[in-house]
Each structure stands twice: as structure tokens, then as C-alpha cells.
Amino acid sequence: MSQATTPPFVHTWDTRVAPPAHRFDMFCELVADDLAPHLVTSDHAHDFQASLLHVDMDRVRVSAIDFPTLRSMRTPRLIRRSDPELLELALAARGDMEIEQADNHFYPTDGDLVLYDTSRPYIANAVATRGHARSVVLHLPRCAVPVPDQTLRRLTATRLPARTGVGALLGQLLAGLVEQAPALKAAHARRVGSALWDLASAFLADLVDSPDRLSAETRQAALLLEIKSFICRHVGDPALSPPAVAAAHHISLRSLHYLFGHDDMTVGQFIREQRLGRCRADLADARLATRSVHEIGRRWGFVDPSAFNRAFRARYGLAPGAYRQQRFQAPAWAPTSG
């Protein structure tokens, strides 16, 4: 458990705070909140002793999960119910792992890095060879990673170059962060988070073919992902709009709409969806319970409270305040922090 000096951007949970019969359910809920809902089974469900450390450094989030042997599945039904649209870059820190996604199958061992996508089904197994298995997970918003889908399918659940070069540095930084996070100051955490993002971006970029070898269609897909990444980074700016996005990327508004013409939503709809998703996450976060609904709306670009209420109700079927009340009535495991 965290000590009193633990900084506010570090949070820890331990299932041993609950009675043995409730520990497995607690773990499943923690995983659902921190990563995404999974179907988890384990021979240790009767007394599931596990812990989770979460480090939020603005640009990136990192989780370290210690757990007994288990089997975890992300099914199409769970994806339809809830999808945070994350790429998870995981360091296998302890134990024997197995992951299967998009027709790829990989068995990570200590020190390996593996990529998987919460928007597609996958199966993950872990065998705790020394008491507990450990996975350190870097959460990357899918829209912020400029990797075309066809390349992504090739990279998930495969062996990545983690023993030398940038991959080795990235693994060392992830492992070191878990050990040193409780001792970091806020200013240092921001710098570490920025360095971690830069390393992860460089690592993934090295895995993608050179731009001059990509087709026009793939370059357009990469540009669309770059634009979505820009939107995700600036979604809290009330001035963010289709014309502003087009200007920032030195393309015409018509070209921007053309890029989104092959997507499931327009650029305006994508901006609104990102804002609403961030608001929903904040409304469900007990750590932000003292912030008013309107403060949360303003934080993510909704300057008009009435417009925020209408948009949220239209998207989720409840007013923001009612959604928050409903979430807080559900069972929750409070984190410990400084």
C-alpha cells in the first residue's frame, strides 16, 4: 500500500484490503477501470491476491499489475460495451505470458515488449513463476499513434525488438518508473512522462516502413491518425474546430473533410466524441468528485453548460450529473494516494 508521502499522481490498490471472497471481483473491476473490461478466469479466484500501481503523468499513463496465474479475454461483446480505444505497450516484467490477437501469437518472457489493441479481441494468459506475474503497461490513445491499421495488425501480439536499441531503453525506463514513481516530484514526473512518450513514439516509428515506401492510401491513413492525435492532445481547447485543425496541418478544410470521409464520423463529430469521452471519464473518477459538472465540461472544451448537458444526454442517455451519481452508486475501490 502507498505511504503518506506518495505523490498525488501515483495511486495503488491491493486486493488484500478486501475479504478473500471479494478479492477476485475487486481485481476484475480495477482492471476494467484501468485498462478495459476483460473476462478473467483463475484457479486463484477464491483468494486472489493482486496489486496495481498507476502513474498518471499528463501525456502518458503507466500501470504495473502484479497477479497470480490467470487467463484474460477481451471479447467482441465487451468491446461493443466499452472501448477506451487504447494501444497497450506492455513490458513482461515477471512470469510466463501468452497473447493472441489478429491471427498473431506470441509468448513474451521477462524483458519482452508486446503491443495489443483494446479495440480488437485478444486472449492473454499469464503463469506466475515466482509468486506473482507482473506486467507494466504503457497506455497510448489509439488516435495519438500514427500507425496505419494494416501495420498495427502486423505488430500486435508479435515479438518486438526489446533487447537492444530504443526498445531496450524503453523497457528499462518502464521498469525503473515502477520502482521510483513514489519518490518522484511532480516536475520530474512530467519530464519523465515526456521522455517516455518520445521513446515510445520513436520505438513505434522504427517498426513502420519508411514513408517513401508507403502507398498513397497508407500515407493518407497516417495523416488521418496524425490529425486525430493532434485533436486528442488539444481537445480541451475551446477554440479547437475543423478550420483550426486544417490550418494546423497546412491543408484545406476540404482536404480535411475528405480524409474523414472514409471514417465513421466527421471531424466535428470526432472532436465532440473525444470531448464527451474525456468528460465521462472525469465524471466517473472519484478523485475529481469535488469538481462541478460544469468545471469538467469546461476542462474539455464545453464552454456553454447547456450545450454540454444536451450533448452528453444525447450521447449517453443521461445528464452529466445523473451519470456521475449513477457511477458513484456502483461498487468502487478507492485508491490510496498521498
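Does Ala162 count as buried or exposed, and at what relative accessibility? In this predicted model, Ala162 has a relative accessibility of 8%, which lies under the 20% cut-off, and therefore Ala162 counts as buried. The residue sits in the loop between helix H3 (149–155) and helix H4 (165–180). When neighbours within four places in sequence are left aside, Ala162 is in contact with Gly111, Asp112, Leu113, Gly167 and Ala168. Arg280 lies 118 residues from Ala162 along the chain, and the C-alpha atoms of these two residues are separated by 35 Å.

The model contains 1 cavity of 30 Å³ or more, and the space in the largest cavity comes to about 380 Å³. This cavity is lined by 24 residues, of which Phe67, Ser72, Tyr116, Ala124 and Ser135 are the closest to its centre. The elements that each give two or more residues to the lining include helix H1 (20–34), strand S4 (60–67), strand S9 (113–117) and strand S11 (133–141), while the largest share, 4 residues, comes from S10.

The lining of the largest cavity divides by residue class as follows.

| Class in the lining | Residues |
|---|---|
| Nonpolar | 19 residues |
| Polar | 4 residues |

Terms used:
Residues numbered from 1 in each chain as written. Predicted model: local features only at pLDDT ≥ 70, side-chain atom pairs only at ≥ 80, totals over all residues. Heavy atoms only, no water. 1 Å grid on protein atoms, 1.4 Å probe; cavity = no way out; pocket = protein on both sides within 12 Å on 5 of 7 lines; lining within 4 Å. Points joined across faces, edges and corners; volume = space filled by probe spheres on them. Nonpolar A, V, L, I, M, F, W, Y, C, P; charged D, E, K, R; others polar. Buried < 20%, exposed > 50% of the residue type's maximum accessible area, 1.4 Å probe, protein only. Contact = heavy atoms within 4.5 Å.
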